[in-house]
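Me: I am new to this structure and would like to understand the words used for it. Could you take me through them slowly?

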Amino acid sequence: MAAPIVVGTDGSDPAGDAVDWAAGEAGLRHRPLHIVHAAEIWPYQVRRFTEGSGPVSRAGRAILAETEERVRKRHPKVRVTTSLVVNSTVTALRDESEKAFELVLGHRGHGGFAGLPLGSVCLRLAGRSAVPLVIVRGGDGVHGEVAVGHDLDAEPDGALHYAFDAAAVRGARLRVVYAWQISAALAQSGYSVDEERMNDEQRARVIETYAPLRERYPMVEVVDEVLRGHPVAALTRVSRTADLLVVGTHDRPRGMPRLGSVSHGAIHHAECPVAVVGPS
């Protein structure tokens, strides 16, 4: 059986957007959808509270039933399963996604401050998930483009592979974005750089790194965007006309955060769903 798309829900509007996105993704990829709700029992998280007991569990079952009905009406061909887990949200989602294809979350849930750009669950799972994590926000339109931020200092990684595959599944164009900067010390010293020549050199390196993937996905149209500027600003800009932005994580010792500063900034400021993908 194909690994499912796992989506977390708490009944909030952002969670509903995530469920809709995940159901669409499941349909595109011909995979089942598994909807998870964590029934958190505070303050002790005692496991003697079973799935069938208590007001928290009853509310959770109601959320799952309503969400399942929503999916079945909008995506009748998608096979749907649900799970009510008595545990912390982060632990429940991490455990449920261990055998998933990807994990999908809304950018915020219940209980947070509306003005904050990203929820704590997303931040705690980003860079730590064993599967790609998609954080859903914005992106109401269909632009026919997937964008990926590329790091020339790293080996070709999971982000590029995922981005090519996502573009192929959607029949979309793939925009590979690489932004470079000179150090502040050099800039302050008056150091000058031939920007056009540097762009050409960096573009050649970018094309070389993804050449094997272009052979693997010959039907994907690829656009290279190489420019001088801050990577987060560049990725935020392209997210305004993308259906999905893909960013990578760093391969660090187990248990350590792997989300780099660029990916961290991108998931805070992007205006479309963002997929956070670990190394291959």
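Reply: Let us begin with a term: a nonpolar core is a set of buried Ala, Val, Leu, Ile, Met, Phe, Trp, Tyr and Cys residues joined through side-chain atoms within 4.5 Å, where buried means under 20% relative accessible area, exposed means over 50%, and partly exposed lies in between, with a 1.4 Å probe and protein chains only. The largest such core here has 46 residues, and those with the most contacts inside it are L33, V104, F164, L174, L244 and V246. The largest share of this core, 7 residues, comes from α5, while a second, separate core of 32 residues includes L93, L133, L235 and A266.

Me: What kind of model is this, and how are its residues numbered?

Reply: This is a predicted model, in which local features need pLDDT of at least 70 and side-chain atom pairs count only at pLDDT 80 or more, while totals for chains, interfaces and linings use all residues. Residues are numbered from 1 along each chain as its sequence is written, and side-chain values use heavy atoms, with hydrogens and water left out.

Me: Which residues does L244 touch?

Reply: Contact means heavy atoms within 4.5 Å, and, not counting residues up to four places away in sequence, L244 touches W21, V134, E145, V146, A147, Y162, A166, R170, C272, P273, V274 and A275.

Me: What makes R170 and E25 a salt bridge?

Reply: A salt bridge is a side-chain nitrogen of Lys or Arg within 4 Å of a carboxyl oxygen of Asp or Glu; the side chains of R170 and E25 meet at 2.7 Å, N to O, so the pair qualifies. The two residues belong to distant parts of the chain, with R170 in helix α5 (residues 158–170) and E25 in helix α1, 145 residues apart. The structure holds 15 salt bridges.

Me: Which residues are linked in a network of salt bridges?

Reply: The network links E145, R173, R175, E221, E225 and R237. Within it, the side chains of R175 and E225 meet at 2.9 Å, N to O. R175 lies in strand β7 (residues 173–180) and E225 in strand β8 (residues 222–228), 50 residues apart, and both residues are buried.

Me: What makes β1 and β2 a pair of strands?

Reply: Helices (H or I, at least four residues) and strands (E, at least two) are DSSP runs, numbered from the N terminus, and two strands pair if DSSP finds at least two bridges between them. Strand β2 (residues 33–38) is joined to β1 by 4 bridges, so the two strands pair, and they run parallel. The bridge partner of V6 in β2 is H34. On its other pairing, β1 is joined by 3 bridges to strand β4 (residues 102–106), also in parallel, with V7 opposite V104.

Me: What is the order of the strands in the open sheet?

Reply: The sheet has 10 strands in the order β3-β2-β1-β4-β5-β10-β9-β6-β7-β8, with mixed pairing. β3 (80–85) and β8 stand at the edges because each has a single partner strand, which leaves one side of each without a neighbour in the sheet.
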